[in-house]
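Hi,

Here is the structure I said I would pass on.

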Amino acid sequence: MKDLLRIKSLISAEIEGLLNQQVKKEAYSSSVYLSMASWCNRNGYDFSADYFFKQAEEERTHQLKFFKYILDMGGNSLSPEVSGIKQEYNSFREVFEEALDQEISVTNSIKNIYARCMKEQDFVTMEFLNWFLKEQREEEYKARRALELFEVIGEEGTGRWQIDKQVGEIKYNSEA
């Protein structure tokens, strides 16, 4: 029966496996951002907490898009188990450094899937992934701009308070 179902799938078993790994990666990212929101809230960085709540919600939306795509292609989506989420951070800056690392990791994972799709000439999945590649450009931009605030404003005196206020104002407007 399993082989019969595979024949009807529009994606290869390898692409399906990579997409299910991405479902898990997006779920993990959502949980990481929730943890960051909690840490920021507990430490008085309310604007940054709101920023990370929004990021967590976006990652959850991405997870569901991948999950639904696998099903739409006749594959088997796997609900991921997520564990090992870091709950404590040594500093406000560390939260944003790890957020950027998380976004870079997600981008590299999507690029890996895209490369595999190119090899298999899976043009349908490549077209699906284009939206995510553009989204990752925005996510990395915002994470980098947030980190740059630490350099531009500085953390001394009211610096962290000012950084917190500016984080929610970061926008990405490129149509390129």
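**Overall fold**

From the N terminus on, the elements of the protein run α-α-α-α-α-α. That makes six helices and zero strands. Keep in mind that this is a predicted model. The C-alpha trace spans about 65 × 35 × 20 Å along its principal axes, and 43% of the 176 residues count as buried. If you take the contacts with a separation of 6 or more, 75% of them are between residues 24 or more positions apart.

One helix I checked for length is α2, residues 13-42. Just after α2 comes Gly44, with a positive phi of about 85 degrees.

**The annotated site**

The UniProt entry, which is unreviewed, has a "binding site" annotation on Glu26, Glu59, His62, Glu103 and Gln136. These residues span 111 residues in sequence, yet no two of their C-alpha atoms are more than 12.7 Å apart, so they gather at one spot.

- Glu59 sits in helix α3 (residues 46-72). Its relative accessible area is 0%, so Glu59 is buried. Beyond its neighbours within four places in sequence, Glu59 is in contact with Glu26, Ser29, Ser30, Tyr33 and Glu103.
- Glu103 belongs to helix α4 (residues 92-120). With a relative accessible area of 2%, Glu103 is buried as well. Not counting residues up to four places away in sequence, Glu103 touches Tyr33, Gln55, Glu59, Gln136, Glu139, Glu140 and Ala143.

**The largest pocket**

How much space lies in the largest pocket? About 220 Å³. It is lined by 14 residues, and the closest to its centre are Tyr51, Lys54, Gly168, Ile170 and Lys171. Helices α3, α5 (123-153) and α6 (159-167) each supply at least two residues of that lining. The largest share comes from α3, with six residues. By class, the lining has eight charged, four nonpolar and two polar residues.

That is what I have for now.

Cheers

Definitions and conventions: Residues are numbered from 1 along each chain as its sequence is written. This is a predicted model: local features need pLDDT of at least 70, side-chain atom pairs count only at pLDDT 80 or more; totals for chains, interfaces and linings use all residues. Side-chain values use heavy atoms; hydrogens and water are left out. UniProt positions are given in the numbering used here, feature names are shortened, and annotations may be inferred rather than shown by experiment. Helices (H or I, at least four residues) and strands (E, at least two) are DSSP runs, numbered from the N terminus. Buried means under 20% relative accessible area, exposed over 50%, partly exposed in between (1.4 Å probe, protein chains only). Contact means heavy atoms within 4.5 Å. The expected span of a helix is 1.5 Å times one less than its number of residues. On a 1 Å grid over the protein atoms alone, a cavity is a set of points where a 1.4 Å probe fits but cannot get out, and a pocket is an open set with protein on both sides within 12 Å along at least five of seven lines; lining residues have an atom within 4 Å of a point. Grid points are joined across faces, edges and corners, and a volume is the space filled by probe spheres set on the points. Ala, Val, Leu, Ile, Met, Phe, Trp, Tyr, Cys and Pro count as nonpolar, Asp, Glu, Lys and Arg as charged, and the others, Gly among them, as polar.
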